[in-house]
Every structure is written in structure tokens, then in C-alpha cells.
Amino acid sequence: MPLYAQLEQTIRFAIATGKLRVGERLPTVRQLAVDLRVNANTVAKVYAELERAGVLETRRGVGTFVSERPTQSSGRQNHQKRLRELTDRFVAEAAANGFSVDDVIEQLQSLRKK
């Protein structure tokens with residue numbers, strides 16, 4: 001998984017689990033890049049994508065913050081997009097390990113019955 005995707009997923013997870021709260025300020029692009037030892041453009045790309053998705057908001061001269069929850073319709077669309085991307089990665093990894101889509105579905109259905 002590309003580094004920017006890992007970072008985006010980490011930020012989304014931190015918000016979903018309450019480690020980052022609505023209104024909380026995130027590190028600057030430069031500071032996070034230094035802390036993680038990654039290129040600042042990678043962090044900027046993630047922040048921009050999360051801002052477009054309504055997850056973060058940037059206030060010029062102040063910083064980047066966790067925004068209020070996006071509207072229900074855009075939130076649902078983003079939710080579906082993330083689920084589709086997650087599913088695609090999961091199925092691709094399963095296939096690389098010799099499992100078919102039917103194997104995956106069968107396993108998921110067995111989890112539902114528990």
C-alpha cells in the first residue's frame with residue numbers, strides 16, 4: 001500500500017476511534033513530514049485529499065483541523081468509495097495468496113453466522 005494511502009488511513013482511523021476529535025489541530029505539513037521522515041508533498045497530498053473529502057479543514061494562517069462530520073450524502077459516498085477500495089485491495093491480496101473471490105465470500109459469510 002502506498003505511503004500516502006497508509007497515512008490517510010491512519011488519520012481516518014484516529015478520527016473514527018476518537019484519538020483525533022472534531023476541532024482538534026493536526027501538525028503542520030512540514031512538522032508531520034519531519035516526524036514521519038517522509039516528503040512534505042506526501043503529507044500535503046493526504047491533507048488535501050482529506051480536505052476534499054470533508055474530513056479536515058484548513059484555516060489559512062492557523063492550521064489544519066478535524067472538521068465537523070461531512071453531510072450525510074457525501075459521507076455515504078465517501079464511505080462507499082473507501083469500502084470499495086478496501087474490498088479491492090483485500091480481494092487482490094487474497095488472490096495473490098491463492099484464494100478465489102468465492103473463498104473470500106464463503107469465509108465472510110461464516111463470520112456473519114457467528
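Reply: Strands are DSSP runs of E with at least two residues, and helices are runs of H or I with at least four, both numbered from the N terminus; two strands pair if DSSP finds at least two bridges between them. Here, four bridges join β2 (residues 56-59) to β3, and the two run antiparallel. This is a predicted model, in which local features need pLDDT of at least 70 and side-chain atom pairs count only at pLDDT 80 or more, while totals for chains, interfaces and linings use all residues. Residues are numbered from 1 along each chain as its sequence is written, and side-chain values use heavy atoms, with hydrogens and water left out.

Me: How do the residues of β3 point, and are they buried or exposed?

Reply: Buried means under 20% relative accessible area and exposed over 50%, with partly exposed in between (1.4 Å probe, protein chains only). In β3 (residues 63-66), Gly63 and Phe65 point one way, Thr64 and Val66 point the other way, and all are buried.

Me: Where does Ser67 lie, and what is it in contact with?

Reply: Contact means heavy atoms within 4.5 Å. Ser67 lies in the loop between β3 and α4 (72-96) and is buried, with a relative accessible area of 6%; leaving aside neighbours within four places in sequence, its contacts are Val22, Gly54, Val55, Leu56 and Glu57.
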